[in-house]
Amino acid sequence: DQVNDQVKAILHEAINSKVVEVLNLATNWIKREDLLKGIGLSNHSTNRKKYLDPLIDLGWIGMEFPETKTNPNQRYKLTASGMTVLKLIR
C-alpha cells in the first residue's frame, strides 16, 4: 500500500495535469477538436504537438487511422498502456 501511494505521488508530480485530463477523456474514441476543447484548449497544431503527440509516441493514446494522421475522421483512444497509466494515476 505504501509503495502504491509512493508510485501515485511520483506519477502525479511527473505528469502534467493536462495529460491526465487527456487520458481521462480518451477512454472512448474522441476527435482531436473535442479532446482539446475538453481540456480547455483550442484545436491548434501547437496544442496537438504539446499534449497529444507525446502521448501517441509513448503508446498511451492510439489513432483510429494511424496510416493517415491527417484523416478528417481521425479519432483517438487510450491504449492498454494508457489505461494502465490512468489506473495508476487514479
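**Ground rules.** I number residues from 1 along each chain as its sequence is written, and I use heavy atoms for side-chain values, leaving out hydrogens and water. Since the model is predicted, local features need pLDDT of at least 70, side-chain atom pairs count only at pLDDT 80 or more, and totals for chains, interfaces and linings use all residues.

**The sheet.** I looked up the strand order. The sheet is open, has three strands and runs β1-β3-β2, with antiparallel pairing. The edge strands are β1 and β2, each pairing on one side only. I took strands as DSSP runs of E, at least two residues, and helices as runs of H or I, at least four, numbered from the N terminus. Two strands pair if DSSP finds at least two bridges between them. Strand β1 covers residues 30–31 and joins β3 over two bridges. Strand β2 covers residues 61–63 and joins β3 over three bridges.

**Tyr-76.** I went to strand β3, residues 75–78, where Tyr-76 lies. Which residues stand opposite? Ile-30 has Tyr-76 as its bridge partner, and Met-63 also stands opposite Tyr-76. I then checked Lys-77, which has Gly-62 opposite.

My cut-offs are under 20% relative accessible area for buried, over 50% for exposed, and partly exposed in between (1.4 Å probe, protein chains only).

I listed the contacts of Tyr-76, taking contact as heavy atoms within 4.5 Å. Leaving aside neighbours within four places in sequence, the partners include Asn-28, Trp-29, Leu-52, Ile-56 and Ile-61. Ile-61 is 15 residues away in sequence, yet 6.5 Å away in space, C-alpha to C-alpha.

**Faces of β3.** I sorted the strand by face. Tyr-76 and Leu-78 make up the covered face, while Arg-75 and Lys-77 make up the uncovered one. In a regular strand, side chains alternate between the two faces of the sheet.

**Asn-47.** I moved on to helix α4, residues 45–58, which holds Asn-47. Not counting residues up to four places away in sequence, Asn-47 touches Leu-36, Leu-41, Ser-42 and Leu-52. I noted that Leu-52 is in contact with Tyr-76 as well.
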